[in-house]
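Please examine the structure shown below.

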Amino acid sequence: MEKYNINYTLLKAQREFLEIPHDYSIDVAVYQGGYGSGKTFCGSLLGILLCLKYPGIRGLVGAQTYTLVRDTTLKTYFEHLDNMGFVEGKDYEWSTSLQSLKFKNKSEILFKHFDEPNHLKSLNLGFVEIEEMSEVPFDTFKMLLARMRQRVLPSWKNFKYRIFGHTNPEMVYNTFIKDPLPNYRLITAPTTQNIFLPEGFCEELKKLYDEDYYRICVLAENGHYTSGLVVKDFTDKNVI
């Protein structure tokens, strides 16, 4: 595969998300950001970089619904490929029927929804990217963690399995905030830190949203997501 050069100016939180500060074999990272904080941009960039660095790696990109994968994540992947000068048919192949992206170096990314997680149990993966991680059930996350077992090739120097997601601040509290494992990382990225947004963008959001909503969805702070609910932790499984 030919090498293409592109210069991206990354935000501090994006660089922190891309880099691994520990020596564990699996890295689990969540980019928790406000609207317009570059979450999907950074996640799709990492997916492409892993495919280029580790020839033959197999990755999975998904969300709870395929509509979200198609309209948000996949779109950003193609934008990165265009920016890098990659040409379909030359540097990569896209299969609409299989919903897969295959690079010339034999790396592959599958794009799927997580609504039927049992369909994912046959996969052996090198990385997983989760769009809007707050919408994915914890059991699905644990199942995806168990899929991190693709055979590591001798040429993959300093390889680490990676699960990375991006979301608004409604994450699994116990997993990433209250008592996280040493290789579980939560990166917060307030919208206000994105220097590439239009002037006055955050000020307009502050006028539009109430204080709590602005604090959670713009400043990327954690909130009390069960306040005001009739039944705490209610899901569709409670419906008979």
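## Backbone, helix and core

Glu132 is situated in the loop that links β6 (127-131) and α4 (138-145); helices (H or I, at least four residues) and strands (E, at least two) are DSSP runs, numbered from the N terminus. The model is a predicted one, in which local features need pLDDT of at least 70 and side-chain atom pairs count only at pLDDT 80 or more, while totals for chains, interfaces and linings use all residues. Residues are numbered from 1 along each chain as its sequence is written, and side-chain values use heavy atoms, with hydrogens and water left out.

Most residues other than glycine have a negative phi. Glu132, although not a glycine, has a positive phi of about 50°. Gln99 likewise is not a glycine and has a positive phi, about 55°; its place is in the loop between β3 (92-95) and β4 (100-103).

| Residue | Relative accessibility | Class |
|---|---|---|
| Gln99 | 18% | buried |
| Glu132 | 15% | buried |
| Ala13 | 6% | buried |

Ala13 belongs to helix α1 (residues 12-18). With neighbours within four places in sequence left aside, Ala13 is in contact with Tyr31, Ile187, Thr188 and Ala189, contact meaning heavy atoms within 4.5 Å. Ala13 and Lys39 are separated by 26 residues in sequence and by 9.5 Å in space, C-alpha to C-alpha.

Helix α3 (residues 66-83) contains 18 residues and spans 24 Å from its first C-alpha to its last, close to the 26 Å expected; the expected span is 1.5 Å times one less than the number of residues. A kink of about 30° in α3 is centred on Leu74, the bend at a residue being the angle between axes fitted to the seven residues ending there and the seven starting there. Leu74 is also one of the buried residues of α3, which include Leu68, Tyr77 and Leu81. The cover over these buried residues includes α2, β2 (58-63), β3, β4, β5 (108-113) and β6. After α3 comes Gly85, with a positive phi near 85°.

The largest nonpolar core has 55 residues, of which Phe17, Leu60, Leu101, Ile109, Phe111 and Ile130 touch the most other members. Its largest share, 6 residues, is supplied by helix α2 (residues 39-53). Such a core is a set of buried Ala, Val, Leu, Ile, Met, Phe, Trp, Tyr and Cys residues joined through side-chain atoms within 4.5 Å. Beyond its neighbours within four places in sequence, Ile109 has contacts that include Tyr77, Gln99, Leu101 and Phe127.

Notes: Buried means under 20% relative accessible area, exposed over 50%, partly exposed in between (1.4 Å probe, protein chains only).
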